[in-house]
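Hi,

Here is the structure I promised to pass on. Please have a look at it first, and my notes follow below.

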Amino acid sequence: MTLTAAATPQAVYIHIPFCTNKCHYCDFNSYVLKGQPVMDYLDALEREMEATVKLAPPGEIETIFVGGGTPTVLLPEQMEHFLKLVRTYFPADPERVEFSMEANPGTTDADKLAAMKAGGVNRISFGVQSFDNGLLAEIGRIHNTDDVYRSLENARRAGFTNMSIDLMFGLPKQTVELMEATLREALALNLPHYSIYSLKVEENTLFHTLFHKNQLPLPTEEEELDMYVLIMQRLKDAGYGQYEISNFAKPGFESRHNSMYWRNRYYYGLGAGAHGYRSGRRHVNIKGVQPYIDATRHGLPELESFDVSRQEAMEDFMMVGLRLLAGVREADFAQQFGTSLAATFAPQLQRLLGQGLLERTAEGFRLTPQGVLLGNEVFGSFLVD
């Protein structure tokens with residue numbers, strides 16, 4: 001299969017797998033920092049970067065995203081070294097690139113923020129999750145609301161203006177009233193971007209164990225739906241555009257990196273457990289820290305890689321593209337696959353249009369307000385057996 005759109009990735013994801021602690025809901029590839037070989041890991045990242053760019057030299061890099069884990073657990077000198085590596089192997093125009101880094105409140109002091117700023121980071125996404133200290137303790141977060149305010153103020157002093165916070169709903173013991181209180185405090189910050197996700201109980205987490213013991217007091221489906229409707233209304237009233245199922249921004253502050261995923265574009269994926277997508281192939285890296293380090297000494301540290309079939313790529317295009325509230329464009333589909341979107345998925349589109357879950361736009365198709373509430377049902381419709 002040949003995709004004609006942007007054959008060379010213009011997006012880079014880099015994974016820093018270290019955390020101060022493991023949250024009760026987290027199934028990300030992350031490890032408690034204490035005793036970890038951090039500098040050895042950064043050396044391994046350099047080996048993977050070098051091998052990757054030899055195999056697939058980068059063109060113009062538009063977005064870089066450093067996730068985790070908690071990348072901001074790196075010490076200032078480690079951060080400086082790491083960001084120098086990124087600039088060396090994935091050079092980008094500092095005036096054009098969106099360079100994001102995830103951070104946890106309480107892990108961003110002035111020295112670290114200065115290293116981030118000097119190293120090219122221009123967007124920070126803070127994992128806040130809630131403004132209720134009781135809920136934060138329930139889900140295993142070690143920060144409190146004071147840490148949030150202090151971290152945001154430190155970032156502003158360091159010169160950061162493009163900031164986002166992550167919030168969660170559907171948490172154990174969370175009520176619609178508690179969600180409303182969190183939204184009130186969050187919106188008072190007047191940030192340019194908010195990501196607000198529902199809790200998913202994932203395997204290999206403490207919450208999964210508690211759930212199967214009937215010891216996880218989750219809100220009902222109706223309460224969770226009420227929270228989501230409330231979130232959408234409050235953000236709209238505050239002047240934020242909902243540009244994706246779980247993301248809200250002021251004009252011009254939409255996440256360009258995540259939009260690469262939602263538009264099914266190629267991206268480099270580096271680091272332990274990272275996923276990448278380029279030249280019609282997806283890959284997943286080895287997850288363990290030491291196994292990853294060791295693997296980079298012998299080549300690319302891939303756990304598995306596989307060709308994405310034409311059919312699978314078309315399904316992915318629809319499932320991730322419809323997460324964007326603007327929807328999918330027939331011209332983009334035709335550019336990538338050389339065929340008509342409407343013809344390829346005629347039965348699914350006809351059914352979803354008839355059910356009032358999709359609507360036509362001048363350029364393609366998008367979710368209706370009802371479709372936004374039933375997004376997973378819509379996305380699953382495009383999986384062809």
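To read the helix packing, take axes as lines fitted to C-alpha atoms, for helices over the stretch in contact, with angles running from 0 to 180 degrees between N-to-C directions. This is a predicted model, in which local features need pLDDT of at least 70 and side-chain atom pairs count only at pLDDT 80 or more, while totals for chains, interfaces and linings use all residues. Residues are numbered from 1 along each chain as its sequence is written, and side-chain values use heavy atoms, with hydrogens and water left out.

Helices (H or I, at least four residues) and strands (E, at least two) are DSSP runs, numbered from the N terminus.

Helix 11 and helix 12 have axes that come within 11 Å and cross at roughly 160 degrees. That angle makes helix 11 roughly antiparallel to helix 12 (angles over 145 degrees count as roughly antiparallel, under 35 as roughly parallel, 65 to 115 as roughly perpendicular and the rest as oblique). The contact (heavy atoms within 4.5 Å) involves Arg310, Ala313, Met314 and Phe317 of helix 11, and Asp332, Phe333, Gln336 and Phe337 of helix 12. Its residues divide into five nonpolar, one polar and two charged; here Ala, Val, Leu, Ile, Met, Phe, Trp, Tyr, Cys and Pro count as nonpolar, Asp, Glu, Lys and Arg as charged, and the others, Gly among them, as polar.

Both helices also turn up in the second largest pocket, where helix 9 (256-262), helix 11 (310-321), strand 15 (328-329) and helix 12 (330-337) each supply at least two lining residues. A pocket is an open set of points on a 1 Å grid over the protein atoms alone, where a 1.4 Å probe fits, with protein on both sides within 12 Å along at least five of seven lines; lining residues have an atom within 4 Å of a point. The space in the second largest pocket is about 420 Å³, a volume being the space filled by probe spheres set on the points, which are joined across faces, edges and corners. Of its 20 lining residues, Arg263, Leu324, Gly327, Arg329 and Asp332 are the closest to the centre. Helix 12 gives the most to this lining, with three residues. The lining has seven nonpolar, seven polar and six charged residues.

Helix 6 (residues 176-188) and helix 8 (residues 221-237) pack at about 25 degrees, with axes 10 Å apart, which makes helix 6 roughly parallel to helix 8. Their contact has eight nonpolar, no polar and four charged residues.

Finally, two backbone details. A cis peptide bond, with omega about 25 degrees, joins glycine 68 and glycine 69; glycine 69 lies in the loop between strand 4 (63-68) and helix 2 (76-89). Lysine 173, in the loop between strand 7 (163-169) and helix 6, has a positive phi near 70 degrees in a residue other than glycine.

Best wishes
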